[in-house]
Amino acid sequence: MTRHVDVLIIGAGLSGIGTACHLTREQTGRSYAILERRENIGGTWDLFKYPGIRSDSDMLTFGFGFRPWIGTKILADGASIRQYVEDTAKEYGVTEHINFGRKFVHADFDRATATWTVQALIEATGETETWTAKFLVGASGYYNYDEGYQPEFPGAADFAGQIVHPQHWPEDLDYRGKKVVVIGSGATAITLIPSMADDVAHITMLQRSPTYIQALPSEDPFAGGFKLARVPQAVAYKIGRARNIALQRASFQLSRTNPELAKKVILTQIKLQLGNKVDMKHFTPSYNPWDQRLCVVPNGDLFKVLKSGKADIVTDRIAKFTEKGILLESGQELEADIIVSATGLNVQILGGASMSIDGEPVKFNETVAYKSVLYSDIPNFLMILGYTNASWTLKADLAAAYLCRVLNLMRDRGYDKFEVHAEPEDIAPESLMGGALTSGYIQRGDGVMPRQGARGAWKLINNYYRDRALMHKAPIEDGVLQFSKVRANAGKAAAGA
């Protein structure tokens, strides 16, 4: 049996749930369903279970713009975020529209009827389920849920202990009293070190190169002040969110316009946290701030465990794994019972699903992003990719609201199909995530991701204020986004599918 909805959303994480809520809030009148491969709401926040898992963006901007995050913590733990997403879904009646255990496998668009036909695998039974929809929304993020990025370490088979990747943290992993080495310098590594330090015999953070790290207070003093002053939650959230968006943008802009000053500010703060206990070479990157994503630590917890001696940090390259641990190129050997490879993720579009139009395969790395949410020559399709230089949800909210604007215009004008087409001069060589940041996962994903645009609404901005004007205020019918109606007989055929 084929099931039909107006809008089919892939993924029940922050982006998917947010999109569904917007469809209701913006009164689109469209029926919708969500296909979610996992058995729970939350996406990333249901997958990752490693110690200390938390947001690396402040919750006033990481939460939805339409539903206040209640709390005073600047960074929230993974379980609290997942609960927030689940509560939002319940409040807006989204939960009953979610079809769990469905892996999105393939989608084909029929131009004659302006209809997507989607194949989903019910992994528990091995059966295939067919859906049709007028519009398809990719809200499953950009990484491979099945497999994190794991470099091939020479001698890994010789190591007598256990090697763990944070993306698949064993529930029964006992690291109490053990010697642990965490490979990596990103958000995951700097979260793991202080979270595990009190329980292990010793823990070492091994990095190939340093990352810029900034300490934030654990509790938001403004949020606490608003609470004492009995400011209504919605008002406090709106004010705090606007403030934090401005701070995020100012930090990024300073790094772009005056990188030396930004570097001095960050490194001075770190020096104040560490004193003379830890060599600053471990926190002085060779690149400028925001060439890679800036990492944050609550209350300087990483710096505290390094100062205390419960943890240490080593900047070196791996020569090979040994039976006892890791031999470095300097000749030093780090002994370990457990090695945690916090080496990042693998970029993947739509969970690895394939897509075609009238049977012709779509190659995403040959498409160009329009307003960074629609993709050239793929009709009635929107894919949500959040900011890399700010909170993911800021962009997800803008994308979902923009979709609703488009759907409402189509309803009012009787349109059935939208599409954008890029001219050669619209196309830039960089991927949608490249150009601004040089992080490893972005470089690895260059061959997979859609291209950036070179001009006008095709050009990637990564600026919340300008994106908001572009998607919320600018005319929808701008001469690039084209609308059309299907022939009457084709429409009748689609209705009877």
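**View 1. Helix H5, spanning residues 187-196, is mostly covered, with 7 of its 10 residues buried.** Buried here means under 20% relative accessible area, exposed means over 50%, and partly exposed lies in between (1.4 Å probe, protein chains only). The buried residues of H5 are Ala-189, Ile-190, Thr-191, Leu-192, Ile-193, Pro-194 and Met-196. Helices (H or I, at least four residues) and strands (E, at least two) are DSSP runs, numbered from the N terminus. This is a predicted model, in which local features need pLDDT of at least 70 and side-chain atom pairs count only at pLDDT 80 or more, while totals for chains, interfaces and linings use all residues. Residues are numbered from 1 along each chain as its sequence is written, and side-chain values use heavy atoms, leaving out hydrogens and water.

**View 2. Three strands form an open sheet in the order S13-S14-S15, with antiparallel pairing.** Strands S13 (318-321) and S15 (333-335) stand at the edges with a single partner strand each, so one side of each has no neighbour in the sheet. On average, neighbouring strands of this sheet are turned by 20° against each other, direction ignored (axes are lines fitted to C-alpha atoms, for helices over the stretch in contact, and angles run from 0 to 180 degrees between N-to-C directions). Two strands pair if DSSP finds at least two bridges between them; S13 and S14 (residues 325-328) have 3. Look for Phe-321, whose bridge partner in S14 is Ile-326.

**View 3. Cys-404 is buried, at 1% relative accessible area.** A disulfide is a pair of cysteine sulfur atoms within 2.5 Å, and the count by this rule is 0. For Cys-404, the nearest cysteine sulfur belongs to Cys-21, 10 Å away.
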